[in-house]
Amino acid sequence: KLVRLWDVETGRETGELACPASAVLSLAFAPDGRHLVTATQRGTARIWDVATRRAVPVMNGNGVPVRAAMLDGKGRWLVTASDDHASNDYIARVWDVATGKLLAEFDDAAGPVDFAAFAPDDRHLVTTSEDGTVREWEVDWLARPRDESLIEAVCEERLVGANRIVTAEDIRNAPLLSGQVGKDVCAGLR
């Protein structure tokens with residue numbers, strides 16, 4: 001599959017991006033204008049360097065179709081909107097661009113998430129669902145440093161009965177899901 005790039009002033013094609021065999025469902029330029037984000041039917045989101053025509057990182061949504069993907073204003077985080085009717089996976093996911101790690105999931109049980117985007121201040125995320133619902137999520141906690149010693153102490157206390165010792169390295173490698181109601185930061189450590 002090809003994504004064609006055009007110069008809007010001249011109307012001429014300036015290049016192509018060769019997307020691996022999957023339908024591209026959406027694309028969006030990053031605020032810096034140098035990167036393009038593609039979302040695919042096969043569940044990947046790619047960030048392309050427009051000048052080199054190469055994909056930088058690839059975020060894998062476990063094969064669940066990604067309807068939309070967008071970067072935050074500073075290019076730190078990528079949000080993906082997913083839709084899988086078979087598994088009822090109606091989730092917006094936020095990824096760390098530098099590491100490719102999943103940082104957070106925002107579950108929209110109402111229906112498939114059609115679109116997700118960061119607000120210009122990067123402190124809020126907006127999602128839309130197939131049923132017409134628009135939700136605003138506070139995400140300014142993503143930019144705050146984690147108090148890993150506090151998280152480690154809480155998780156260690158909770159997992160001591162399972163004979164599991166939690167280390168600082170475990171905490172650094174665990175997904176960051178602390179900003180959401182009902183999500184368990186210690187779950188990835190079990």
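In which sense, parallel or antiparallel, do β3 and β4 pair, and over how many bridges? The two strands pair in the antiparallel sense, over five bridges, where strands are said to pair if DSSP finds at least two bridges between them. The model is a predicted one, in which local features need pLDDT of at least 70 and side-chain atom pairs count only at pLDDT 80 or more, while totals for chains, interfaces and linings use all residues. Residues are numbered from 1 along each chain as its sequence is written, and side-chain values use heavy atoms, with hydrogens and water left out.

The protein chain has two helices and 13 strands; helices (H or I, at least four residues) and strands (E, at least two) are DSSP runs, numbered from the N terminus. Of the 190 residues in the protein chain, 43% are buried, a term that stands for under 20% relative accessible area, with exposed meaning over 50% and partly exposed the range in between (1.4 Å probe, protein chains only). The protein chain exposes about 10200 Å², of which carbon and sulfur atoms supply 51%; accessible areas come from the Shrake-Rupley method with a 1.4 Å probe, and for residues only the protein chains shown count as cover. Contact means heavy atoms within 4.5 Å, and among contacts between residues at least 6 apart in sequence, 36% join residues at least 24 apart.

Strand β4 (residues 35-40) is largely enclosed by the rest of the structure, because six of its six residues are buried. His 35, Val 37 and Ala 39 point one way from β4, whereas Leu 36, Thr 38 and Thr 40 point the other way.

Ser 26, found in strand β3 (residues 24-29), is buried, with a relative accessible area of 18%. A polar atom of the Ser 26 side chain lies 3.0 Å from the backbone oxygen of Arg 67, and, with neighbours within four places in sequence left aside, Ser 26 is in contact with residues including Val 37, Thr 38, Arg 67 and Ala 69. Val 24, which also lies in strand β3, is partly exposed, at a relative accessible area of 28%; the C-alpha atoms of Val 24 and Ala 45 are separated by 9.4 Å, although the two are 21 residues apart along the chain. In strand β4, Thr 38 counts as buried at 1% relative accessibility. The side chains of Thr 38 and Trp 48 are joined by a polar contact of 3.0 Å, that is, a pair of N or O atoms within 3.5 Å in which, within protein, one must be able to donate a hydrogen and the other to accept it, residues adjacent in sequence counting only if both atoms are side-chain atoms.

The structure also holds two aromatic pairs. The rings of Trp 77 and Phe 118 have centres 6.0 Å apart and planes at 40°, so this pair is tilted; rings of Phe, Tyr and Trp (its six-membered ring) pair if their centres lie within 6.5 Å, and planes under 30 degrees apart count as stacked, over 60 as edge-to-face and the rest as tilted. This pair links distant parts of the chain, since Trp 77 belongs to strand β8 (residues 77-82) and Phe 118 to strand β11 (residues 113-118), 41 residues apart. Both Trp 77 and Phe 118 are buried. The rings of Phe 106 and Trp 137 have centres 5.0 Å apart and planes at 55°, so this pair is tilted, and it joins Phe 106 in strand β10 (residues 102-107) to Trp 137 in strand β13 (residues 134-138), 31 residues apart. Phe 106 is buried, with a relative accessible area of 3%.
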